[in-house]
Amino acid sequence: MIEIAHLTKSFRKFKALDDISLEFREGQTISLLGPNGSGKTTLIKSILGLVTPDTGVIRINGEETKTRWEYRSRIGYMPQIGRYPENMTIGQVLQMLKDIRKDCKVYDEELVRDFDLQAVKNKMMRSLSGGTRQKVSACLAFLFSPDILILDEPTAGLDPVASELLKAKISRERAMGKLILITSHVLSDLDDITSHIVYLQEGKLVCYKTVDELKESTGEEKLNKVMAAIMQRNVTQRIPVL
Ligand SMILES: Nc1ncnc2c1ncn2[C@@H]1O[C@H](COP(=O)(O)OP(=O)(O)OP(=O)(O)O)[C@@H](O)[C@H]1O
């Protein structure tokens with residue numbers, strides 16, 4: 001579904017991504033992990049076409065992203081910080097995006113209902129709490145039933161109830177064969193929903209394995225313990241991608 005081959009991106013002399021090759025398929029939930037500044041967002045933005053790689057190729061369903069842009073309509077993106085017209089209400093923002101995407105006939109408004117956004121639809125974007133803004137971002141990412149979901153720190157700022165509702169939605173989408181890429185520093189939030197881990201460090205791919213493989217090799221059950229064990233062992237050899 002997504003093939004990334006020998007991707008490199010530098011910002012001036014700083015290499016944010018260094019020869020990254022990965023392949024993601026439908027039905028996977030990939031947790032993109034790594035310390036601050038390891039290149040996770042740069043990788044996501046490269047897939048979205050928001051960052052232009054120096055070298056390397058990204059293909060989505062076999063088509064090179066560099067030459068075609070239609071693929072973006074098949075990706076739902078929840079950014080780390082959602083920026084919207086501040087003088088519009090929640091309802092107006094949702095309607096505006098529906099108007100832009102007239103090609104979409106059926107909207108997925110499950111999360112709008114789960115979060116009960118109808119009750120606050122007349123609130124101005126500028127007046128929203130961080131968590132409510134995050135809920136709006138989540139609803140927009142899922143609204144057009146994309147095949148691929150890219151969620152950058154999706155549970156940051158959400159209360160525990162909202163966080164569980166979003167995780168349940170992610171699990172349902174995965175069961176429907178969607179490909180989901182998530183970055184998060186809250187590993188406990190990823191425990192029940194992740195199938196694969198990609199671990200980046202200083203722009204390099206350190207590890208791409210299934211959660212089950214990592215649990216077995218570390219003898220740990222919880223993702224935060226699994227990752228702590230991997231970091232302690234200072235795993236630096238490249239593990240072949242699936
Ligand atoms: N537009 C830019 N200009 C210059 N440097 C950049 C730019 N975007 C990213 N970087 C640098 O590239 C490196 C990787 O950044 P990136 O945002 O991808 O990291 P991250 O893994 O997502 O970090 P975090 O966990 O803090 O969100 C960082 O050192 C960052 O400062």
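**Stop 1: the open sheet**

Start with the four strands that make up an open sheet, ordered S2-S1-S4-S5 with antiparallel pairing; strands here are DSSP E runs of at least two residues, helices are H or I runs of at least four, both numbered from the N terminus, and two strands pair if DSSP finds at least two bridges between them. Strand S2 (14-24) and strand S5 (63-64) each have a single partner strand and stand at the edges, so one side of each has no neighbour in the sheet. Before you click further: this is a predicted model, where local features need pLDDT of at least 70 and side-chain atom pairs count only at pLDDT 80 or more, while totals for chains, interfaces and linings use all residues. Residues are numbered from 1 along each chain as its sequence is written.

Now select strand S1 (residues 2-11) together with S2: seven bridges hold this antiparallel pair. Ile-4 sits opposite Leu-22 in S2, and Ser-10 has Lys-15 of S2 as its bridge partner. Which residue in the hairpin of S1 and S2 takes a positive phi? Click on Arg-12, with phi near 55°, in a hairpin that has two residues between the strands.

**Stop 2: the ligand**

Around the ligand you'll find Phe-11, Ala-16, Gly-34, Asn-36, Gly-37, Ser-38, Gly-39, Lys-40, Thr-41 and Thr-42. Colour them by class and you get two nonpolar, seven polar and one charged. For that count, Ala, Val, Leu, Ile, Met, Phe, Trp, Tyr, Cys and Pro are nonpolar, Asp, Glu, Lys and Arg are charged, and the others, Gly among them, are polar. Which helix gives the most to this shell? That's H1 (residues 40-48), with three residues.

**Stop 3: strand S9 and its partners**

Move on to strand S9 (residues 196-201), where five of the six residues are buried, meaning 20 or more other C-beta atoms within 10 Å of a residue's own, with C-beta atoms placed from the backbone. Strand S3 (residues 29-33) runs parallel to S9, joined by four bridges; pick Ser-31 and its bridge partner in S9, Ile-197. With strand S10 (residues 204-210), S9 pairs in the antiparallel sense over six bridges, and Gln-201 faces Lys-204 of S10. In their hairpin, which has two residues between the strands, Glu-202 has a positive phi near 50°.

Zoom in on His-196, which is part of S9. Why does His-196 count as buried? Because it has 23 C-beta neighbours inside 10 Å. Beyond its neighbours within four places in sequence, His-196 is in contact (C-beta atoms, placed from the backbone, within 7 Å) with Gln-28, Ile-30, Tyr-208, Lys-209, Thr-210 and Val-211.

**Stop 4: the core**

Finally, go to the largest nonpolar core, which has 60 residues; such a core is a set of buried Ala, Val, Leu, Ile, Met, Phe, Trp, Tyr and Cys residues joined through C-beta atoms within 7 Å. Cys-139, Ala-141, Ile-150, Ile-180, Val-198 and Tyr-199 have the most contacts inside it. Helix H4 (residues 130-142) gives the most to this core, with six residues. End on Ile-180: leaving out neighbours within four places in sequence, its contacts include Thr-29, Ile-30 and Leu-149.

How values were computed: A residue is near a molecule or strand if its C-beta atom, placed from the backbone, lies within 6 Å of it. A residue is buried if 20 or more other C-beta atoms lie within 10 Å of its own, exposed if 12 or fewer, and partly exposed in between; C-beta atoms are placed from the backbone. Two residues are in contact if their C-beta atoms, placed from the backbone, lie within 7 Å.
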